[in-house]
2 protein chains.
Amino acid sequence: MTTAGSRDRATQVKKFLQQHGLQAWIAWRPDELLMLTGYFPFWGASLVIYFADAEPVLFIPTIELPDSLPKSGVRVREYPWGEVKCSDPFGVLVAGVAEELAKAGVKPEKAGMNPSSARISLPMFTGEQIPMAEDFCDKLSAIASVPDAETLAGFAALYQRKSPEEIESIRRANRVANIGLRVFADNAQAGTSETEIASAVESAIYRQIGQDGIFHARGCAMVQSGPNSADAGRFNRSTARKLETGDLVLIELGTCVNGYWSDLTRTIAVGQAKPAAAEILSVVTQAQKIAREAVRPGISAGEIDALARNFITERGFGEYFTHVTGHHVGFRYHDPAFGLVPGEKSLLEPGMLITVEPGVYVPKSGAGARIEDNVLVTDTGYEILSRAGSSAAA
Amino acid sequence: MTTAGSRDRATQVKKFLQQHGLQAWIAWRPDELLMLTGYFPFWGASLVIYFADAEPVLFIPTIELPDSLPKSGVRVREYPWGEVKCSDPFGVLVAGVAEELAKAGVKPEKAGMNPSSARISLPMFTGEQIPMAEDFCDKLSAIASVPDAETLAGFAALYQRKSPEEIESIRRANRVANIGLRVFADNAQAGTSETEIASAVESAIYRQIGQDGIFHARGCAMVQSGPNSADAGRFNRSTARKLETGDLVLIELGTCVNGYWSDLTRTIAVGQAKPAAAEILSVVTQAQKIAREAVRPGISAGEIDALARNFITERGFGEYFTHVTGHHVGFRYHDPAFGLVPGEKSLLEPGMLITVEPGVYVPKSGAGARIEDNVLVTDTGYEILSRAGSSAAA
């Protein structure tokens, strides 16, 4: 048993700040806001100052949707973004941030921020990326600083261990995703096209808004059948191809509910799979079960990868398993920090949530398969959030 | 009549480089790749070196979807992104870029790049933002440089004038969007929920893949009815609210087809609109028609804004028209460069494509309306790409 320390979010963040000698952290990307405060922005033009010793201050545009604002624990300030009468909203925002930092006596070198824009999650408005000013980081650099690589890695590591409240939100995202997966299974019949199935899945997910506290639900469904399934290790998208009896059909499904993500894959046969396809599906199903059932505190990410990869290799398909076995998930489609890749020494800890998703894609057989679950590391073993009711001790 | 110079894309880009003393431009964001070369990436991990005096070189991941690669005019190089066996794909990419620049004799100060990540469009994979390495820009900064603000503004201005080929692609995006708008109109009935309508619209758009050369089609539909329509000037999203007779119901619809965007809004009454709602819809409809029919070469963006804004103000609703009248559109949901805002002096030129979208939102009346079209500036007047068949001389 590893002892991983508190999983309370505020405790984790404040410990991170103290360990790195920081008095505040400034963040504005949607997944950063969600991870730090539980708030999922509509526009993606919000910003939080997370203080080590005081209540966080959250800046939101005057036109922000109020639904997801934290009910307590955060002081909210508005700034005039999106109003035609204000020509420099970001100037107002930066001045407000400077004012709060000065009031708290935080010098630029004690206020950290993340310069990266890699793999940002989308806000509730999904049409394009956050509309920050072109020179926004430059403006902030006068009042905050980009810390060293070790500190930035420490910030990324905050994504790893989810709090009990966060797990509940991700559990709900998985419930919604499973509604989509049932639509997939019900529609995966000969004569139906990939786009018909994928669009029906997304539609079912969108319609969950308004139930169970859900104000935002979006699915990103990609369906590949027959020979197209053999491409699913490279990319996932849907075409107009109609399913045929004997095909494998695969769905890659990213689901965002109130900001929290599920990332699932299922592969099924249309009628009776052709023999080569059936063998691929069988090997992947077994490899994935072996790997997901080995999840427990103290095992390394590389060991989980090896369990899946070795099984697939022993069955003769090693060269067709071309991607990683998994990654962290929850605050975005792919959370940062370590992956389940060959040789990775990082150990799993309670509260970590990982995907387990081996796949085999064989162009000459015209078939590919991947099975992916979201697996929570519990105190004693694992719980598969994506298969309600499933759980087991290590 | 203004004379705007060539609208051929390559001519525009090369002229921009020469005017700013650059020998090359490095770009990797999806909308930049699309604008420069017509190529729409799947993963968003591709990069182009656009030379002033030689064929562009396009770096793509080995796992990239080939569908949208340019058939000619670009030299393609692969790099091993997405392969589990390569631990540093971005190192390989940057080394390849350095090699190409060195071979062409381009020094860092002669190779420009855009540091901004504001308002990036999404690649074909829409689940999250481009997965470039956290330190990607740092790595590039040894071989290329961020030019001055005037040059960066010149790059943004390249989005303004669309080539005839680009217009055809955007025309197709508008055709697909109109399929979605018909689903909206057919479903906007009492008893149907906002999410049911929005999800049906998106579903219809997704199913256009495979027709008319379409390999990617995604709608982002947001429906607001009754009192929710009064929020539509602040944000657009769908709820579980069921439409009622007498409501206004509004759809904001972003549509991306093979990378090119349409941005449309329609507002209709459910049955007979209540008197206050009917007046709002009438005022907006008239204001939008006046503004869109004034579009022609040589008129300023501010004049178009004033035509809509003054009409609405004269009718007593000025304080309820809180946003801009329009923006450029096509390479993304909101293209950069000037907006149709009060006082904007920039002149419209042939080949520019703008939205015209006045709106009035009155909380106390429980009603809001916006009408939005995508209007092309022609040599003599305008063409409404979003209303097939409409056109007129100035």
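Let's start with two helices in chain B: H6, residues 164-187, and H7, residues 194-206, which pack at an angle of about 150 degrees with their axes 8 Å apart. Keep in mind that this is a predicted model. An angle over 145 degrees counts as roughly antiparallel, so that is the label for H6(B) and H7(B). The crossing of H6(B) past H7(B) is right-handed.

Which residues make the contact? From H6(B) they are Val176(B), Ile179(B), Gly180(B), Val183(B), Phe184(B) and Asn187(B), and from H7(B) they are Ile197(B), Ala200(B), Val201(B), Ala204(B) and Ile205(B). By type, nine of the residues in this contact between H6(B) and H7(B) are nonpolar, two are polar and none is charged.

Next, the two chains. Chain B superposes on chain A by a rotation of 180 degrees, with 0.0 Å of shift along the axis and an RMSD of 0.0 Å. The two copies are therefore related as by a two-fold rotation axis. Which C-alpha of chain B is nearest the axis? That of Ser203(B), at 3.3 Å from it. Both copies use the same surface, since 100% of the contact residues of chain B recur in chain A.

Last, salt bridges. How many are there over all chains? The count is 48. One of them is in chain A, where Glu99(A) pairs with Arg77(A), and the closest N and O atoms are 3.3 Å apart. Glu99(A) sits in helix H3, residues 89-103, and Arg77(A) in strand S4, residues 75-79, both of chain A, so this pair ties together parts that are 22 residues apart in sequence.

Technical notes:
Residues are numbered from 1 along each chain as its sequence is written. Chains are lettered from A and ligands numbered from 1 in the order in which they are written. This is a predicted model: local features need pLDDT of at least 70, side-chain atom pairs count only at pLDDT 80 or more; totals for chains, interfaces and linings use all residues. Side-chain values use heavy atoms; hydrogens and water are left out. Axes are lines fitted to C-alpha atoms, for helices over the stretch in contact, and angles run from 0 to 180 degrees between N-to-C directions. Helices (H or I, at least four residues) and strands (E, at least two) are DSSP runs, numbered from the N terminus. Angles under 35 degrees count as roughly parallel, over 145 as roughly antiparallel, 65 to 115 as roughly perpendicular and the rest as oblique. A crossing is left-handed if the near helix is turned anticlockwise from the far one by less than a right angle, and right-handed if clockwise. Contact means heavy atoms within 4.5 Å. Ala, Val, Leu, Ile, Met, Phe, Trp, Tyr, Cys and Pro count as nonpolar, Asp, Glu, Lys and Arg as charged, and the others, Gly among them, as polar. Copies are superposed by least squares on the C-alpha atoms of residues with pLDDT of at least 70 in both. A salt bridge is a side-chain nitrogen of Lys or Arg within 4 Å of a carboxyl oxygen of Asp or Glu.
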